[in-house]
Amino acid sequence: MLIRRFVALALCVALLPAHAQVLPDLGDASDAVLSDKQEKTIGNRVMREVRIDPAFVDDPEISDYVKSLGNRLLGAADPPRRPIEFFVVQDDAINAFALIGGHIGIHTGLILLTRDEAELAGVMAHEIAHILQRHQSRLYQGQGKYQLASLAALALAIIASRGSSSQSSAVTEAAITGASAIMMQGQLDYTREHEREADRIGLTILERAGYDPRGMVSFFERMLRANRLNEFKGAPSYLRTHPLTVERIADMQGRVERMAPRLVPDSFEYRLARAKLRALSGSAPAQITYFRSQIAERTVVRPREEVYGLAIALKRAREFAEAEKELNTIRTGENAHPAFEWLAAQLQAEQGRRDAAVETYRAALKSYPGYRGLVYGLAELLVDSGRTREALALLDEKVRDDPEDAKLYELQSRAYAATGNRLGQHRAQAEAYFRRGNLAAAVDQLELATKVRGSDYYELSMTEARLRELRSQLRLEREAEKALKLG
Ligand SMILES: [Zn+2]
């Protein structure tokens, strides 16, 4: 009930002009100091660095799963919703974080620690609530004229961290250090209020999206207990940025008791993503042993995700034939899944059976035309095999289906480069940079493209028109960043 009233209030206030900061209610999301546009500018600036960090996970199976889970949760939130970009960071540290401007990062370590999908959904719902309530933006409120300097410091810390040799998500560490620094400036109590609000709204989102709300409580409870018993090496980063208290847990438990219990089985995509992450972490021999023992425990049915994990671990250990043998046991009939076909084709290619691999890809794409792993895998294989014409035909078709997929343009650029088409190479690379939010790099590529000699007149004038368009966008972005001292 409280939540409903609070939402109604937030909706009313949203219609008032921005300066009408009369209501002290924490639930009023419209009194944040930064405008939507300013938040977006900061978010884009930070994400530009995050996306090129080696720790940024671009495996489509992992990232698409987390995106679809995030969007399902977001769809269960009360309007007005805002678009949120969900991404995964390769890092064993247990963490999840919201960045200003609508971006949520989830560490692989956190995904692996969750015991079921409701736990993962619980953490994500909590982060979504932080964004929808604009807590990040409000943290800067009360910082007076220093707020913009803090933002600039945060952005700069992130950029500087890229220079360091440690690849283990220096980016997120910097983002967290920046956020902690802000919290340390006397905002901790305020933040506890934020936490309570994020818990409350997060639980509602979780329940409405069809997950067991107990997942959120059990995960936070486990984190708090483990932290007390010193089971983590140092406090998990997550607890540094999200103060977790006994009161918070008790509060959540009280709320959950009033909600209907739900027994929702984990989605296969969750189990698959977790098996893949596990198979790719630690040492390959250790994971082979792990998955073999998991499979041995089940006497009746070999769980598909465990067999899939085993096959990935075997591939890592370069035991391709053995990996193939295991994988083939789950590729048929009801078990079929595009992830298995992607792996099967990779194993064939690794063993020098490229034509067979192309066949596997083509057959699988007939059943799953939008499965990104299959598209990327086939395009790469075709380029590597010198079949660039086929690669370009495939990529043209897929770009028409999904014009926002940066990776498709990157592959296009590689294919053009292989054929010696430098205009095409730079133009495609520019489109890839543009979709990754890097306007300056996109402009550079287009400038290179216009300098290619002997280009077709029509192609050249198209390139010049695109260059003018992106230059003017870049100018606007720079002005907006300058106004925020993000320079
Ligand atoms: Zn929090």
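These are my notebook entries on a predicted model, written in the order in which I looked things up.

**Entry 1: the chain as a whole**

I began with the overall make-up, and I found that the secondary structure of the chain comes to 24 helices and 3 strands. Of its 487 residues, 46% count as buried. I then turned to contacts with a separation of 6 or more, and noted that 63% of them are made by residues 24 or more positions apart.

**Entry 2: the strands**

I took β3 (residues 103-107) next, and since 5 of its 5 residues are buried, I wrote that this strand is largely enclosed by the rest of the structure. I recalled that in a regular strand the side chains alternate between the two faces of the sheet. In β3 I could list His103, Gly105 and His107 on one side, with Ile104 and Ile106 on the other, and both faces are covered.

I then looked up the partners of this strand. Strand β1 (residues 85-89) runs parallel to β3 and is joined to it by 5 bridges, with Val89 standing opposite His107. Strand β2 (residues 96-99) runs antiparallel to β3 and is joined to it by 4 bridges, with Leu99 standing opposite His103. Between β2 and β3 there are 3 residues, and the two strands form a hairpin in which Gly101, in the turn, has a positive phi of about 95°.

**Entry 3: the largest nonpolar core**

I asked myself which residues touch the most other members of the largest nonpolar core. They are Ala121, Met124, Ile128 and Ala379, in a core of 117 residues. Helix α5 (residues 117-132) gives the most to this core, with 10 residues. I also noted that the core draws at least three residues from each of domain 1 (32-257) and domain 2 (268-483). I set beside this the general remark that in soluble globular proteins nonpolar side chains tend to be buried together.

**Entry 4: helix α14**

Helix α14 (residues 284-297) has 14 residues, and I noted a reach of 20 Å from its first C-alpha to its last, close to the 20 Å expected at 1.5 Å a residue. Its buried residues are Gln287, Ile288 and Phe291. Seen down the axis of α14, these buried residues fall within an arc of 105°, so I wrote that they line one face of the helix. An α-helix has 3.6 residues a turn, so residues three or four places apart point the same way. On the face turned away from the buried side of α14, I found the exposed residues Ala286, Ser293, Ala296 and Glu297. The cover over the buried residues includes α13 (268-280) and α15 (304-316).

Helix α2 (residues 36-50) has 15 residues and reaches 20 Å from its first C-alpha to its last, close to the 21 Å expected at 1.5 Å a residue. Among its buried residues I listed Gln38, Glu39, Ile42, Arg45 and Val46.

Arg51 is found in the loop between α2 and α3 (60-75).

How values were computed:
Residues are numbered from 1 along each chain as its sequence is written. This is a predicted model: local features need pLDDT of at least 70, side-chain atom pairs count only at pLDDT 80 or more; totals for chains, interfaces and linings use all residues. A nonpolar core is a set of buried Ala, Val, Leu, Ile, Met, Phe, Trp, Tyr and Cys residues joined through C-beta atoms within 7 Å. A residue is buried if 20 or more other C-beta atoms lie within 10 Å of its own, exposed if 12 or fewer, and partly exposed in between; C-beta atoms are placed from the backbone. Domain bounds come from an automatic or database domain assignment. The expected span of a helix is 1.5 Å times one less than its number of residues. The arc is that of the directions from the helix axis to the C-beta atoms. Two residues are in contact if their C-beta atoms, placed from the backbone, lie within 7 Å. Two strands pair if DSSP finds at least two bridges between them.
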